Amino acid sequence: MNNQIIKISEIANLLDINYYGIDSDIDGLNLCNREIISNSVVSYISSEKFISNGISNTKIRGLFVTKEVYEVILKKEGFKRDIAFFIVDYPEVEFYKLHEILYSRTSFYKKFNFESVLGQNCIIHPTSVIEDGVIIGNNVRIGANSVIKKGTVINDNTVVGSCTVIGAEGFQLIYDEFNVPFTVTHVGGTYIGKNVLINDNCTISNALFEGNVIIDDNCKIDSQVHIGHNCKIGKNSVITGNSLLMGTVELKENVWIAPSATVSNKCVVHNNSFVGSMSLVANNISENSRVCGIPAIPVDEYIKIIVQQKKIIKNGRENSKNNK
């Protein structure tokens, strides 16, 4: 990320609050139950069930917590971590307020403020928009009215169709202390590998805090697909029309998502798996699986349920006729 460094004490000054613990250097923000790239981050704990996530990860050096959660942590046997605590009434709200302040008022975050780099033999339609802070490799084609936003990297031999947005700001909605919703600025990037096809009218989001949304080499994405923030799409995967990947979804390699399927946030679909049309993936899918349905289950189980339902309907109709 190459973020600037800020100290815990500087964060306390920005928010006009106190802190308790070590005045560490901080180079990132992230959620305590997500993969953390930076070396030293600030996060938050909104309830006791997330305490283990917050205090077990040695990359977390600062935590927003309530007084109640702080007292529980202090009582934990053997707790000796060098974490600084910001004790507040609304940890999630204060955490995101800090994020917005760091983005809007400081140079903490990398903002991709450089002239875009364009490789050789590219075909870019004159109606497309390439923002500053974009890197495009060789032999890339971009269709009419597509927008490539800052923080995006597109590698060699990739094709982007018409009316597609790559690096669109992801959607993270938080409710403040007055129960008023506000959206969160996304500061990460979007990485598109080699030999990728992204067809027309797609939206590929960027990452919320660190790193990139990743679409790896040789992936093929049909029209009308939405890929949310923090997603990772493994090599050779296929996502067909009208499918939706919610935030922090991971598709491993050689995955096939059939038309109009939805994969719920944080779900992982492992190697060589197939998700049927109009399915809802609500849990992780193991390797070499074929699933379908709402929620998605193995195809064999789904067929058995359909057969049983047909038998029940048939028996019901026969019983109805016999009782007349």
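Glutamate 35 is exposed, with a relative accessibility of 56%; exposed denotes over 50% relative accessible area, buried under 20%, and partly exposed the range in between (1.4 Å probe, protein chains only). The structure is a predicted model, in which local features need pLDDT of at least 70 and side-chain atom pairs count only at pLDDT 80 or more, while totals for chains, interfaces and linings use all residues. Residues are numbered from 1 along each chain as its sequence is written, and side-chain values use heavy atoms, with hydrogens and water left out.

The side chain of glutamate 35 forms a salt bridge with that of lysine 232, at 2.7 Å from N to O. Lysine 232 belongs to strand 24 (residues 232–233), whereas glutamate 35 lies in the loop between strand 3 (28–29) and strand 4 (41–44), so the pair ties together parts that are 197 residues apart in sequence. Lysine 232 is partly exposed, at a relative accessible area of 29%. A salt bridge is defined as a side-chain nitrogen of Lys or Arg within 4 Å of a carboxyl oxygen of Asp or Glu. Side chains of opposite charge can pair when their charged atoms come close. The whole structure contains 6 salt bridges.

Another salt bridge joins arginine 61 to aspartate 82, with the closest N and O atoms 2.8 Å apart. Arginine 61 is in strand 5 (residues 60–65) and aspartate 82 in the loop between helix 3 (67–75) and strand 6 (84–87); the pair links distant parts of the chain, 21 residues apart. Aspartate 82 is partly exposed, at 33% relative accessibility. A salt bridge is also found between the side chains of lysine 149 and glutamate 131 (3.2 Å, N to O). Lysine 149 occupies the loop between strand 12 (147–148) and strand 13 (152–154), and glutamate 131 the loop between strand 9 (129–130) and strand 10 (135–136), so parts 18 residues apart in sequence are tied together by the pair. Lysine 149 is partly exposed at 26% relative accessibility, and glutamate 131 is partly exposed at 25%.

The chain has 5 helices and 34 strands, where helices (H or I, at least four residues) and strands (E, at least two) are DSSP runs numbered from the N terminus. An open sheet of 8 strands shows parallel pairing in the order 7-10-13-18-21-24-27-30; two strands pair if DSSP finds at least two bridges between them. Strand 7 (117–118) and strand 30 (268–269) are at the edges with a single partner strand each, so one side of each is left without a neighbour in the sheet. Strand 27 (residues 250–251) runs parallel to strand 30 and is joined to it by 2 bridges. Glutamate 250 stands opposite valine 268 in strand 30.

The largest nonpolar core comprises 37 residues, and Ile198, Ile215, Ile221, Ile227, Ile239, Leu245 and Leu251 have the most contacts inside it. Such a core is a set of buried Ala, Val, Leu, Ile, Met, Phe, Trp, Tyr and Cys residues joined through side-chain atoms within 4.5 Å. Beyond its neighbours within four places in sequence, leucine 245 is in contact (heavy atoms within 4.5 Å) with residues including Ile227, Ile239, Leu251 and Val263. A second, separate core of 26 residues includes Leu31, Phe86, Val184 and Leu208. Buried residues make up 44% of the 324 residues in the chain.
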